Amino acid sequence: MDSNNVYSDQVIAELIEMGFEFSAVTEAIEVVGPSLDDAIEFILNGPHRTSRGASSNSKCSTSTGKALGKTALISSHSLDQMRQSSITEHLQPVGRSKRIRTNSVYNAVSPYGSEMLSGHLEEQVLSFSGEGCNLKAASELSALPVCCQQELEIGKDWVQRVNSLLHKHFGILSLKSFQKEALSAWLAHQDCLVLAATGSGKSLCFQVPALLTGKVVVVISPLISLMHDQCLKLAKHGVSACFLGSGQPDSSVEQKAMSGMYEIIYVCPETVLRLIKPLQRLAENRGIALFAIDEVHCVSKWGHDFRPDYRRLSVLRENFSASSLKFLEFDIPIMALTATATIRVREDILHSLCMSKETKIVLTSFFRSNLRFSVKHSRTSSPSSYEKDLSELIDVYTKSKVGEKKQKIFSQDLDDASDDSTSSADRSLSEADRMSPSDVENNGDGYSGENDDEANSSQENGSAASKQRQMSVEYLENEVDLFQSVDDWDVSCGEFSGQPPTEHTFGSSETLDPSMKLDERLTLLKGPLEQGPTIIYVPTRKETLNIAKYLCRCGVKAAAYNAKLPKSHLRRVHKEFHDNALQVVVATIAFGMGIDKLNVRRIIHYGWPQSLEAYYQEAGRAGRDGKLADCILYANLSRVPTLLPSQRSEDQTKQAYKMLSDCFRYGMNTTCCRAKTLVEYFGEDFCHQSCILCDVCVNGPPEKQNLKAEADTFMHVIAAHYGKSSFVDDLYDDVIYSAVEQQRFMNKPNLRMLVSRIREQFQKFAATDLLWWRGLARIMEDKGYIREGDDRIHVQIKFPKPTKLGLEFLQSTTEQTFDVYPQADMLLSTRNPKSYSTFSEWGKGWADPEIRRQRLERRRSQRKPRKRKSRKHQPNMKTVRGRLAAKLSIQKR
Ligand SMILES: Nc1ncnc2c1ncn2[C@@H]1O[C@H](COP(=O)(O)OP(=O)(O)OP(=O)(O)O)[C@@H](O)[C@H]1O
Ligand SMILES: [Mg+2]
């Protein structure tokens, strides 16, 4: 360390403490050298120079390479607060003398004035004496022709330089081509929309600019948990970062961030909207290299995770353009990134964020070659289905520990938190884990414990805790986590100093290469799954608790995660999940956006997801190490899924139904490779023949069936009701319907009514159930023979109406065959032919004339004479029985 620099720093510190403006101080030192008196003289009497616009570029280019040292920041806030204002546990202060850096970080006029700076320098700024990664990074970068974005040329060798930097600090061998593209766009001052698969490495696209320029990168992100994970990771690789949630009881982190003390600032949309002015000052002083909007699908109402505040981020383009800020030569580029955006969502993003017309779209394949997709039928949500569906999973995690005591559930008793027996992770968080009254109110437990005694005591302990649990379960009943607020944890901000990078942990060479030959991949992929945790996604909070408890009882280390559980619990689950202390997390969608844990081996969806976007994003959390991973959807294939309750506009409701319908069709599909279905859903041409892994690829499609007779009948019955066919009209003459029903049916027959007519009128179809016809209706719809006759969108076609093509089909020569692959619900229906023993089937049995006749006869013979005056005289015309009775009485007369 240059002693001159240290001395200069001391002088600068003193001058700032005296209240002089920072830019004036540094200018003075540059001119007169590190002499306190001379500097004061210069500042007071020397030529007036404004710091504004003193070309942040030139400052940056000289200073960054010189001294981007490390700074550790100590916050006076500790973890013992019930609600933390910041996370400081990751800071590693080194007990060195305080100093001030001479780099561009401090070459800033603090937006909070010199008071703030001096206060913090005195109290809170310690130095790493340049041993951190940034210093190294910066000195390496000094080899670059220039370090400022504006001046960095897109020469051939910038990629190599970035690669060697990445290799050294992140253990990554080279940039991927989409990362190169995104960075080229940024270097050319262009806005950029990056659409790349989950886990493909989008974060690097916005992290590199911070390393390259010494300017700040501002990343807008939707969840504290996500921001926290990314900051922590960056710190491990020597990059200082902080995050700012929406609640901000401790403003010191924010102040430091706005004065340019972190290379990357993660911020939620609400907060970025509030910080426009300070950010403009930051742009003027240290400089902002880039605004990155991560998980940008949240912008769009047509996406699966709309956040209204994301939509207001158009202010970034308005407030950080060269036309609105004189000191900028170019607009500060916006880089928007997501793994799940349909074409409509993409357009909405570009439009809503007012991204420039020249925005570069970087589009990579959404295909994840190591994910094995499958769909299984399950009734879900009952303990008997848990037993059936989860037994394999339980075996995976419990086989190796036969004889061990079963895991027990423990309640989150406050007293237990300080128990000696708690794990080290528990201990470190115990104080912070104390629940606020609202936490207690919402406590739903569902956490698995390592410690049996703890579990027993809490179970025996009993009444209060169990009552609490019971209450919370009731409270949680039927609630869903459709919208997760940004503050998903009990911290609202955090700061992370970059630590010298240790051994590289990623860039594994064992990962699967999508360009591998098919047979090579097949052999590799047919092996067993490696060890690693599982995430089970369920639609309701209540089910997170139920399944987590069930798994715990079976000996699995499992925890529930939903937005209504105490936030301290959620943070703990995150931590233990990342530390491999948990085997299974059972969660609502509240868990995991952007989770970058390499070894997640299974993502299980237990119940229908609400959209394929959400499904693919959640599934994408599996197998980030590139090794084989399972993505299994357990869904009740006999039920049409319903929308989970949420506030939606009319348009949004339509869209939500459309998305749910696409999801339903994904489950019903029996012929198309699942990976292909998924990537094509996002508008990509799937350039492989198949994924070779999914259940459809492995099992092959079901046998084709000639359903000509069924299709003809179906079309005739529909067409008849729209006056397009005379084929069946006369068949109904002998059935008496109430005027209302007839009217309703004539206007718009729904599928159920049509099917009951088919069964009534066509003996050979009397036993085929609605489930089967439902599948056929979808096939006919896909072929364009029928369409939805209702104004509203339905998940499954509800009011089939013939199309022109359908009528042509009807009139076509009857000799042709109609060979189709049955869909999942049709197979299910034929696999489990139902006797008319269940109540609903019993009801359906009335549609069959023969069954009806037998039943009526049986009833008549069994019936004791009863007084049923009113019925006798007024048959209920709404029921089949009533109508029949009426008919019979007419015939009698
Ligand atoms: N060029 C690269 N070579 C090898 N590994 C890389 C490269 N770039 C990123 N990675 C690794 O890929 C993993 C996933 O990165 P990241 O979290 O950025 O994914 P993502 O695309 O943002 O995923 P998501 O859509 O889920 O947020 C990280 O562990 C990262 O280290
Ligand atoms: Mg990401």
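My entries below start with the ligand and then move on to charged pairs.

**Entry 1, the ligand.** I kept in mind that this is a predicted model. I looked up the shell around ligand 1 and found 20 residues, of which S174, G199, K202, S203 and R624 come nearest. I sorted the shell by type and got seven nonpolar, eight polar and five charged residues. Helix α9 (residues 202-213) gives the most to this shell, with three residues.

I found an oxygen atom of ligand 1 at 2.8 Å from a polar backbone atom of G199. A backbone N or O atom of G201 is 3.1 Å from an oxygen atom of the ligand. On the side-chain side, Q179 has an N or O atom 2.9 Å from a nitrogen atom of ligand 1. The protein covers 89% of the 650 Å² of accessible area that ligand 1 has on its own.

My search of the whole structure gave 21 salt bridges. K233, D596 and R624 are linked in a network of them.

I then looked at R774 and D825, whose closest N and O atoms are 3.0 Å apart in a salt bridge. R774 sits in helix α32 and D825 in helix α34, so this pair ties together parts 51 residues apart in sequence. R774 counts as buried at 7% relative accessibility, and D825 is buried at 0%.

Last, I checked E808 and K804, which form a salt bridge at 3.9 Å. Both lie in helix α33, four residues apart, about one turn of the helix. E808 is partly exposed at 42%, while K804 is exposed at 66%.

Notes
Residues are numbered from 1 along each chain as its sequence is written. Chains are lettered from A and ligands numbered from 1 in the order in which they are written. This is a predicted model: local features need pLDDT of at least 70, side-chain atom pairs count only at pLDDT 80 or more; totals for chains, interfaces and linings use all residues. Side-chain values use heavy atoms; hydrogens and water are left out. A residue is near a molecule or strand if one of its heavy atoms lies within 4 Å of it. A polar contact is a pair of N or O atoms within 3.5 Å; within protein, one must be able to donate a hydrogen and the other to accept it, and residues adjacent in sequence count only if both atoms are side-chain atoms. Accessible areas come from the Shrake-Rupley method with a 1.4 Å probe; for residues, only the protein chains shown count as cover. Helices (H or I, at least four residues) and strands (E, at least two) are DSSP runs, numbered from the N terminus. Ala, Val, Leu, Ile, Met, Phe, Trp, Tyr, Cys and Pro count as nonpolar, Asp, Glu, Lys and Arg as charged, and the others, Gly among them, as polar. A salt bridge is a side-chain nitrogen of Lys or Arg within 4 Å of a carboxyl oxygen of Asp or Glu. Buried means under 20% relative accessible area, exposed over 50%, partly exposed in between (1.4 Å probe, protein chains only).
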